[in-house]
Amino acid sequence: MLLFRRLRRALGVVAAVLVLPLAGVHTAQAADTASAPGAGYWHTSGRQILDAAGQPVRIAGINWFGFETANYVVHGLWSRDYKSMIDQMRSLGYNTIRLPYSDDIFKSGTVPNSIDFSSGKNADLQGLNSLQIMDKLVAYAGQDGLKVILDRHRPDASAQSALWYTAAVPESTWIANLKALAARYAGQSTVIGIDLHNEPHDPACWGCGDVATDWRLAAERAGDAVLSVNPDLLIFVEGVQTYAGVSGWWGGNLMGAGQYPVRLTVPDRVVYSAHDYATSVAQQPWFSDPSFPANMPGVWDKYWGYLFQQNIAPVWVGEFGTTLASTVDQKWLAALVSYLRPTSTYGADTFSWTFWSWNPDSGDTGGILKDDWQTVDTVKDGYLASIKAAGFPSTGTGGGGDGGGGSTAACTAAYTVTSDWGTGFNADVTVKNSGTSALKSWQVKWTWSGAQQITNMWNATYTQSGAGVTAVNADHNGSVGVGGSASFGFGGAPGGGGVPSLSCTAT
């Protein structure tokens, strides 16, 4: 039986309500290739991804879509400045952005739309085409210590395609545009690789030998073409839908990769990519198994996890997401996060991932951001806390450094109540590096005037004694560049009351 998933619907209409960009959260960090993993271009060794110095790294990121739609640019720029959104991604502990695109952005007549330029927002994007805007996003992400994976999501803005080519966009165009992107970002190690084609599905096959439908052979042709102009890139290869009569998610079936691996002329460049979703996207038989969710590790082992378990190749879960509306979906996400291996236990000897999506306008999953394009869905983001990982060295300039002799580590903290319903409240705290050297760690203290108690906290750990609270950075957000920021949030009860005075100390 063929298993289909609904097309994710993305709204490309300019929002009527403008949201002010986050201020002062640029987190440029100085490169420290001797100690900070992630510097330079990356390669693979067995199941691990290694940086230029041979240190293992974990991709722990987010999908920010829009270039593949008729807006021809990432969504949300009708509400926010792009820099403020990248800063917010970094402050939440995401270290990589996957940018979907369609081949339409290479056409001379393509004009990006739905960008708000009022009040100085997105000022440096005015008059640019889609590729030039992509340049700006890549440059700023690199300054913030994030990496970028480019994802050929669709042949055109109208819909996904089963095969890597269509009548209107032949294989020659697909490969020519992949090579153009690879050449465009040659020498810019912020772009670590290209996802060759999103979600191949029936009639795409793996290892069948038919040049018209064998996705494994097409990935070899395209991967070698990319590496011919930029041999430093990683080549991300998704699965198919059906192998040996066994069907799964579009792009999520890598059962054939063990027997029929992708072979490229440049060694140690292949990362296999799986997609996995919950019932808010489509039903699958494993969700109704009486043993669910205990059956899920076996399902993932079968479709793609064995590649990691057997040390064959790294595996990156390029998309996974859910609205979390059902109990089944909540159990699925908790089980998947556990399967992907907590960073605190396994370091970078783990599966890599990019969550779908940053955008709230993904019709069947929603996003990390809520509909106002600024407020974080702290429940959804909280599920991912254990598998987030450190950011990477900045590729920007002027980001400061240790500051030499006489430099000081200092920070300030600002407290904002984001919602208060009388019997409980949520609040965010932004920690800013106000000193002259990069921070290695920070802690924030305050004392409430009332009887408030913290009920849960994300992106930090805490202790509370009476009315006094001490919050300490998580592993992924203790490092903050000069002038940069990190943030954490929490829930408490009863109502929030007045905003307390905060003290911040740093090393």
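1. Basis. The model is predicted, so to speak of local features requires pLDDT of at least 70 and side-chain atom pairs count only at pLDDT 80 or more, while totals for chains, interfaces and linings use all residues. Residues are numbered from 1 along each chain as its sequence is written, and side-chain values use heavy atoms, with hydrogens and water left out.

2. Confidence. The average pLDDT (the predictor's confidence in each residue, from 0 to 100) is 89 for the protein, and 91% of the residues score at least 70. Residues 1-34 have a pLDDT below 50, and this stretch has 115 contacts in the model beyond near neighbours in sequence; a contact means heavy atoms within 4.5 Å. Residues 397-406 are also below 50, with 14 such contacts. Where pLDDT is low, the predicted coordinates should not be read in detail.

3. Helices H5 and H6. Helices (H or I, at least four residues) and strands (E, at least two) are DSSP runs, numbered from the N terminus. H5 covers residues 296-309 and H6 covers residues 327-339; their axes are 12 Å apart and the packing angle is about 30°. That makes H5 roughly parallel to H6, a label for angles under 35 degrees, with over 145 roughly antiparallel, 65 to 115 roughly perpendicular and the rest oblique. Axes are lines fitted to C-alpha atoms, for helices over the stretch in contact, and angles run from 0 to 180 degrees between N-to-C directions.

4. The helix contact. H5 contributes Met-296, Pro-297, Trp-300, Asp-301, Trp-304, Gly-305 and Gln-309, and H6 contributes Trp-332, Ala-335, Leu-336 and Tyr-339. By class, the contact residues are eight nonpolar, two polar and one charged (Ala, Val, Leu, Ile, Met, Phe, Trp, Tyr, Cys and Pro count as nonpolar, Asp, Glu, Lys and Arg as charged, and the others, Gly among them, as polar).

5. The three-stranded sheet. This open sheet runs E1-E2-E3 with antiparallel pairing; two strands pair if DSSP finds at least two bridges between them. E1 (43-45) and E3 (56-57) are at the edges with a single partner strand each, so one side of each has no neighbour in the sheet. Three bridges join E1 to E2 (residues 48-50) in the antiparallel sense, and His-43 has Leu-50 of E2 as its bridge partner.

6. The four-stranded sheet. Another open sheet has the order E18-E19-E16-E21, again with antiparallel pairing. Its edge strands, E18 (460-465) and E21 (502-506), each pair on one side only, and the twist averages 20° from one strand to the next. E18 pairs with E19 (residues 468-473) over six antiparallel bridges; Val-472 in E19 is the bridge partner of Thr-461.
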